[in-house]
Amino acid sequence: MPHTEIGGHRLSLSNLDKVLYPATGFTKGEAIHYYASVADAVLPHLDGRPLSFLRYPDGVEGEKFFTKHVPRGTPDWVTTHEITVVSRTPLHQIFLQDEASLVWAANLAALELHTPQWQVPRQGRADRLVFDLDPGEGADILDCRHVARWLRTRAADDGIHLLPKTSGSKGLHLIAPIEPQNSDDASAYAKRLAQEAEREMPDHAVSKMAKDLRPGKVFVDWSQNNAAKTTAAPYTLRAKPRPTVSTPLTWDELDAAGSTDDLVFLTRDLPPRIESQGDLLAPLLEATGKGRGRLPG
């Protein structure tokens, strides 16, 4: 079994040639290499945030395992914390705080990394606002763009500056840095804007979760602001036929897209993209400052 040493920690790596994405032949070794290559960009967005991850040990077409609890056999150098706000029973969750723990998780075939909108020690106090724009049948990410533009303008009226990223699946995520506040208040604000979007664009947007309301429209999912909910992290792989990545965008880039393919990014695209553009979601990492909005009462 091959080994590697990262940050003074010795890791055993297994089944590196195992194909996790059968449609493309993308292997577990390539997934590990991807996460190692973007560690400097992804880790700041995971910092202080309990991790929920989706493991695909037999590949994206096999059984998946949704993991919140600390897995058996977790090394003692991997950071864990007790979390009390997501369930009646406290649970211990993983925190990926360094490259070694990120590679360790990738070796578990933890392809998808999901985090809440809050950090420890401020459990349940959101420092990010998020909208998940999910296109229904007959709609696509370009339809999401239309709704995203409206939300951007509307939120800006309240001093909230939304930043776009692809979900890595079909839709878009819009995220804003906010002054820490109760997740219930963030969720209520996001719901209010989603309902306004539905009223303003009834042929394009829907704020209710019922699947039968979504064909041809974009569901503005506001619920991921709930303290117990999570969102796919920036730069995470997604378990789709191809190794797509949830990728930060500029608004100009989103506006310029002429087709859905222009907004699909694979693992091979991210290292040169980060090198040339840096982290487009860096404003989310600012602890204070005028860029961090305050939700209206």
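Predicted model: local features only at pLDDT ≥ 70, side-chain atom pairs only at ≥ 80, totals over all residues.
A pocket here is an open set of points on a 1 Å grid over the protein atoms alone, where a 1.4 Å probe fits and protein lies on both sides within 12 Å along at least five of seven lines; lining residues have an atom within 4 Å of a point. Local features need pLDDT of at least 70 and side-chain atom pairs 80 or more, while totals for chains, interfaces and linings use all residues. Residues are numbered from 1 along each chain as its sequence is written, and side-chain values use heavy atoms, without hydrogens and water.

**Second largest pocket**
- Its space is about 270 Å³, counted as that filled by probe spheres set on the grid points, which are joined across faces, edges and corners.
- Its lining has eight nonpolar, six polar and four charged residues (Asp, Glu, Lys and Arg count as charged; Ala, Val, Leu, Ile, Met, Phe, Trp, Tyr, Cys and Pro as nonpolar; the others, Gly among them, as polar).
- Domain 1 (3–122 + 229–241 + 264–281) and domain 2 (125–225) both contribute to this lining, so the second largest pocket lies between them; the bounds come from an automatic or database domain assignment.

**Largest pocket**
- The largest pocket holds about 600 Å³ of space.
- Of its 26 lining residues, His-114, Asp-132, Asp-134, Gln-224 and Arg-238 are closest to the centre.
- Strand E10 (125–135) is one of the elements giving two or more residues to this lining, and E10 has the largest share, four residues (strands are DSSP runs of E, at least two residues, numbered from the N terminus).
- By class, this lining has eight nonpolar, nine polar and nine charged residues.
- The largest pocket also lies between domain 1 and domain 2, because both give residues to its lining.
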